[in-house]
Amino acid sequence: MTAHDLAQLVRDGAEPSAAQALALAAFDDLPALMTAAAELRDRGHGSVISYSKKVFIPLTKLCRDSCHYCTFAQPPRRAHEAYLPPEQVLTIARAGEKAGCREALFTLGDKPELRYRAAREALDRLGYATTIDYLEAMAALVFKETGLLPHLNPGVMSLDDLKRLRAVSVSQGIMLESAAGRLSRKGGPHFGSPDKAPAVRLATIDAAGEASIPFTSGILIGIGETRQERIEALLALRELHRRHGHIQEIIVQNFRAKPATRMAHAPEPSAADHLWTIAVARILFGPAMNIQAPPNLSGGPLIDVVKAGINDWGGVSPVTIDHVNPEAPWPELAALAEQTERAGKVLTARLAVYPQFVAKPGRWLDAAFHTAVLRASDSEGFARTDDWVPGTGKPIPFAPPSKTRRRAHGADRLQDILDRAKGGGELPETDIAALFSARGNDFRRVCEAADTLRAEMCGDRVTYVVNRNINYTNICSFHCKFCAFSKGKLAVNLRGRPYDLDLKEIQRRSSEAWTRGATEVCLQGGIHPDYTGATYIAICDAIKASAPEIHIHAFSPLEIWQGAATLSIPVETFLKQLKAAGLGTLPGTAAEILHDDVRAVICPDKLTTQQWLEVIETAHSVGLRTTSTIMYGHVDAPEHWARHLTHLRRLQQRTGGITEFVPLPFVPMETPIYLHGKSRSGPTFREAVLMHAVARLALHPLITNIQASWVKMGSGGLKACLTAGVNDIGGTLMNESITRAAGATHGEELPPADMESLVRSIGRSPQQRTTLYGTPPDERRAASLAAPALEIAEWIVRASPAPALIRMVCQ
């Protein structure tokens, strides 16, 4: 094979045949190999180099095998426990939990009870028949007590063993090491090690696939095998992966000579040989596979290991040593992140199970781990690295810095996407999803590009509207799984009792809002089974009778659809009737995620994507403008967000009727889907900021106003979003029920003076606006700044679980 043939193979995107792969054994053009491997890696993994923050639990160092290079396996010794007792296992695990680890790596010798009486006696004292039995119990104990996700490496296993351990772990593994059976002959490194026979180990890997276990394997180079034998081992693993799709990573580990072993003086593979093997592994397995090389064993600069095609460093522990290679300390994570960044990549934490397996828990994970893995994951299946949750008031974990660096390595796909976004053309959904995947310096670049575009389109003004939210009922006949506003047991959460405001109370609130300087009332509620389209018309009539000049911004597309259906009239006719009754604009809520795969999970009885778009487009056609929203961070992913933004952009291109885009991060705490363990814990902070930044880029220049929700983002999050493309911070609200029902702790009102103070604190200029982004009269602004305190209506006292307390507090 020539360098040209290799480059053509990569361009075609095809995995080499077995014959082509074996021909690589004679291919010595290392730069060409590394270039091809890096291109493939970038195609599958972009800028991410992952690692798992783990704690290493050496359950036993007894082993029936006698590998000639190993110092992990030790014979029984007096005064030493044959197995770590449960209390010591938990001590190690809890230290890992305290240090922020997510993985509990159990490594142990292979079936020592078949060789040592001491092992059998120790197991008997512990109350177990086999090492596998004890491992099963300890993995379950660690998960129960610490929440760490177990990864198990107990050696050769039967199908029954694998299935049992699947119930107490998220992943398992066994290194193939080599497919060269000759290494098990006398004089070879595996002589006297029956469990190192390639056929035996391949049978375990095959059985793991049959059991649908995310599985780790790989090769150990430099123990006497040839390059052709390395390729043969990789091909054997590739064949098993093609059969089952279960191999989650291929480790290319280089032999390190250790004192007091039979191979203490054996030559170690050169750094170039290690790079050659990494590159060949990448070429054989293609873009998608995770190729790993342990950073503590590298014989050369880590930047070269990245260039050779890896996308993962493996497990790194801040707590325990590498018990298999104790002479090689783990790198400090800060140093590893720096080295990774020097290679043009971003170090990203993962779980013990890789993202592609996290995405399909029904196939790959025991049901006992579904909730834990989901809540530990971000939208791409990597590890959540902070405890920020929308609406909780927790401090933001970081703020986007003001200066970023262009990438210095290779083609810059991100810059190409950013340039095309600034040009105003429609981005393909794959490019939008790539923006949502930005991490590290790339995240900062996306935020910076979005904010530059914001400055060009909107200047330094930050607008807000003085309004009042009126959620007129929390009684609803729909069953949205993300909603805590209208469902659930009473007095168990934050939602209080069912209520249904009468027209008099709606009028009182609207009049009070006008007195307090509002230009808008925003009305939404549950789909009350007794409501008809006439109810919504009556609400508009009542408001206009009590506050004729106030703008009515009301009724989600679901309410419109339902109202029209109850009157047996077309949506267009109903919208015209509402407009005649005083409706000014519609909130573009109930959109959630405009992707029917997601809607089938979170709101199966709600409008379909097409129905939502139809209502909004019809509203625009009758002269009613709307906002647009997204509610994200639950069971969705970047590809769903990209589709959502594309729908909105194309709708706006057709009608021009959308005034703003409002990202609404999922507030999980009291929602049914979260309480049942079926959703993530809302978006991560990075994802929440990116939603605003990417929206600015993907919707440019058609939707010019990007709004951040202070109720959900908090003041710190709001400031971060204002440096990432946001130019509007929504309404003062006066009342807010829906987000608080989900468990949010932020206040119900952010008065104009506080809004303006927040904006000025970051060097921007606040400006009041109307619903349609006009300038309100001076008297409205003056009234808003001198607004009296809100009255507490008697209906609130009656609906409270503690009316006497409410009256006492308000007196």
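I started at V521, which stands opposite I552 in β13. Strand β12 (residues 520-524) and β13 run parallel, joined by four bridges. (Strands are DSSP runs of E, at least two residues, and helices runs of H or I, at least four, numbered from the N terminus; two strands pair if DSSP finds at least two bridges between them.) From β12 the chain goes through helix α20 (residues 533-546) to reach β13, a right-handed β-α-β crossover. Right-handed here means a clockwise path from the first strand over the helix to the second, with the strands pointing away from the viewer.

A note on the source: this is a predicted model, where local features need pLDDT of at least 70, side-chain atom pairs count only at pLDDT 80 or more, and totals for chains, interfaces and linings use all residues. Residues are numbered from 1 along each chain as its sequence is written, and side-chain values use heavy atoms, leaving out hydrogens and water.

Next I checked the other neighbour of β13. Strand β14 (residues 583-586) pairs with β13 in the parallel sense over two bridges, and L583 in β14 is the bridge partner of I552.

Which way do the side chains of β13 point? H551 and H553 go one way, I552 and A554 the other, and all are buried (under 20% relative accessible area, 1.4 Å probe, protein chains only; exposed is over 50%, partly exposed in between).

Then I looked up a charge over a ring: R780 lies over the face of W514, 3.6 Å from the ring centre. The rule wants NZ of Lys or CZ of Arg within 6 Å of the ring centre and within 35 degrees of the ring normal.
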